[in-house]
Amino acid sequence: MIAILAVAAVTIGTVGLGAMGTRLARTTSDLLVASRAVTAWWNAAAISGEYLSAASFLGIAGLEMQNGTTALWQSLGFTAGYLCLLLFVAAPLRRFGSYTISDFAEARLRSPRLRGLASGTVLLIGGFYLVPQLKGAGLTLNVVTGAPYFVGVLAVGLIVSLNVGLGGMRGITYVQAFQFWLKVFAIALPACLLLIHLGGLPARAALFGDEFPSAGAKGLAVPLSAPQPVTFPAATRYTVVVSSRGRSTARAFDAFAGERTTLPAGRLLLAPHAAVPVASGTTALRGSEWARPVGGGGERSPVFVYSLLIATFLGTMGLPHILVRFYTNPDGPAARHTTVRVLGLLGLFYIFPGIYGALGRVLVPQLYVTGATDTVVLRLPQAAWPGTVGNVLGAITAAGAFAAFLSTSSGLLVSIAGTISHDVWPRVSRERTTTVAIRRLRFRLAAVLGMLAPIVVAFFAQGVDIAVLVGWAFALAASTFCPLFLLGIWWTRLTAAGAACGMVAGAVLATSGILVGLALGEPGGVAGALLAQPAIVSVPIAFLAMIAVSLGSTERPAPDAEMLALHAPEGLDLPDLGVRDPFVLGPRAGA
Amino acid sequence: MYLRRLRQRQLALSLLTLIAFGAIVGVLPLAIDVVPQLRRLDVLGIPLAIWLLVVPLPPIFLILGALYARRADALDESFRELVRRR
């Protein structure tokens, strides 16, 4: 009950503040003028607030519980991504004045066709990134209210669509900054209180020793709403209670180690200290394996870890909703200093998700049975501290999770809808002149359209971990936009043809790796690791394709003006060299 | 012409920082995989490998980033000086 209220409060607050923010900052340039007064700290908190998504809030802890401490590399990569952004992109891009990726592609390489390609990729990445946010929403509403998974997906999809479509362009800087501190509070306070309450990490044997997650001293009862295929890691005696026509019948079974079976809907009773069965498709890990940050096969192998680090490190700069935020920095150096602060703020946040994963392994092992480890952050407080305190803490984490996917998916949908209404639509309808009213209507329709595909995919992606889904979006961004930015900013000889070839090669490799991996049912070994996270292959190939085709093409790039715009420090009275300033292009559709 | 030199210097600085970062983060997964002592040694009840993964890196990122931003600003400033003198 408290949790429902907390979630409702966060939702109403976000939508309400967003609407107020729009009234205050009616046009893009108003927003920009206002932003000159915003300090680097506010800006950094706003960037971090938009960045921390369902993957950070729920996904890392869930993946850690399931796959072990390998998941912690992901939080490391999420932070380190901003280092790469700082080193190569932040200041030049701010000076260049392009504030969407499509604008940059078109202006730097003077190619409207490349703009089209970039827009398509924005849609793909944005869609891939929206799916896990919706999945998180479905799970959270399910935990909080008991509503079926699809209700939550639909509800949040609708809320975000309405919020974005009805003019909530984006929460102004202060709203996003507030969201960041809300999320830090919502994840840090329960974690600290639970650690104090439990007196440190309990049950070390299951965490770092030789044991599988166990049913605990009192045994464990797991309600199952549907038949559940599982694997028993060790020889276990268990009881299944099935009720039909008002009568419940209990039957006892003996499982041998490694037995695969399907448990019927009903209740599973495990004896004290029995090893907990795991949902099929996942592997039960002993404490020593679980605690090993790297080593083993599949998604625990060094190849996978390196590939994941590359994807997250290089992918952050290619996320469409992050780049826009950098535009609220007044100049290049300010963009640098804001990014440094972002590194600090994210480092602070990512201390905490790992604590939930570890505690969850001990205190809510029933999640292993259904494979719903993504809900560990939501379920842990009640399990660890039954009673009012646990309920309040649970409400806090639920509210934080909601804040996470509301802010991220709103930001994403703004980028997607802007791209659809600005780049895709005119191509379809071939009209040149449009009034503001038509553009606004178009943006609203696009906000609904842009949400449809992710909602449909989210229905089918219930079984895929949030962190895995987000890993794909990063892989895609790292293999397309990362080479475009790095070479476009620092290499004078990049041509439009080269950029196009590299982006297509990267996108095709990354997407096909992911799809083939899914089709084959996530095979093990090095090949499986590469299919699950293809960045270590697709990123270098995208770079090579871009360089090779650029060197080979007859097109002669003469990007002096663009290079000046990218790299010349502020405060020099430079002549206007004809680089298009997006201020002149006017406010964007829907703004 | 001067701009090209500025660009190259900025790039060199970025790459230098990247190498420092890569040396630290790039070696860590391999080190944890290859050196079993890192996993077996317990510090305050938690394996050393987990401590290494969680504690030192975010502050290192922050320090690297801050140092880089300072040097990059200084390079911009010296370029500005150069242009003003001409």
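Biologist: Which domains does the assignment give for chain A?
Modeller: Domain 1 covers 2-200 + 289-558, and domain 2 covers 215-283. Keep in mind that this is a predicted model.

Biologist: What separates their centres, in Å?
Modeller: The centres of domain 1 of chain A and domain 2 of chain A are 37 Å apart, taken over C-alpha atoms.

Biologist: And how many residues are in contact between those two domains?
Modeller: Seven residues of domain 1 of chain A are in contact with twelve residues of domain 2 of chain A.

Biologist: Which helix gives the most on the domain 1 side?
Modeller: Helix α16 of chain A, residues 366-370, with four residues. By class, that side of domain 1 of chain A has three nonpolar and four polar residues, and no charged ones.

Biologist: Switching to helix packing. At what angle do α3 and α14 of chain A pack?
Modeller: About 55°, with the axes of α3 (residues 40-51) and α14 (residues 332-349) of chain A 8 Å apart. That angle is why α3(A) counts as oblique to α14(A).

Biologist: Is the crossing of α3(A) and α14(A) left-handed or right-handed?
Modeller: Right-handed.

Biologist: Which residues make the contact?
Modeller: From α3(A), they include A:Trp41, A:Ala44, A:Ile47 and A:Ser48. From α14(A), they include A:His337, A:Arg341, A:Val342 and A:Leu345. By class, the contact of α3(A) with α14(A) has nine nonpolar, four polar and one charged residues.

Biologist: Now the two chains. How many residues of chain B are in contact with chain A?
Modeller: 37 residues of chain B, in contact with 40 residues of chain A.

Biologist: Which elements of chain B give two or more residues to that side?
Modeller: α1 (2-34), α3 (48-54) and α4 (57-85) of chain B. α4(B) gives the most, with 16 residues.

Biologist: How do the residues on that side of chain B divide by class?
Modeller: Into 26 nonpolar, five polar and six charged.

Biologist: Last topic, the sheet. What order do the strands have in the open sheet of chain A?
Modeller: The order is β5-β2-β7 in chain A, three strands with antiparallel pairing.

Biologist: Which are the edge strands?
Modeller: β5 (260-263) and β7 (278-279) of chain A. Each pairs on one side only.

Biologist: How many bridges join β2 to β7(A)?
Modeller: Two bridges join β2 of chain A, residues 228-231, to β7(A), and the strands run antiparallel.

Biologist: Which residue stands opposite A:Val230 in β7(A)?
Modeller: A:Ala279.

Key:
Residues are numbered from 1 along each chain as its sequence is written. Chains are lettered from A and ligands numbered from 1 in the order in which they are written. This is a predicted model: local features need pLDDT of at least 70, side-chain atom pairs count only at pLDDT 80 or more; totals for chains, interfaces and linings use all residues. Domain bounds come from an automatic or database domain assignment. Ala, Val, Leu, Ile, Met, Phe, Trp, Tyr, Cys and Pro count as nonpolar, Asp, Glu, Lys and Arg as charged, and the others, Gly among them, as polar. Axes are lines fitted to C-alpha atoms, for helices over the stretch in contact, and angles run from 0 to 180 degrees between N-to-C directions. Angles under 35 degrees count as roughly parallel, over 145 as roughly antiparallel, 65 to 115 as roughly perpendicular and the rest as oblique. A crossing is left-handed if the near helix is turned anticlockwise from the far one by less than a right angle, and right-handed if clockwise. Two strands pair if DSSP finds at least two bridges between them.
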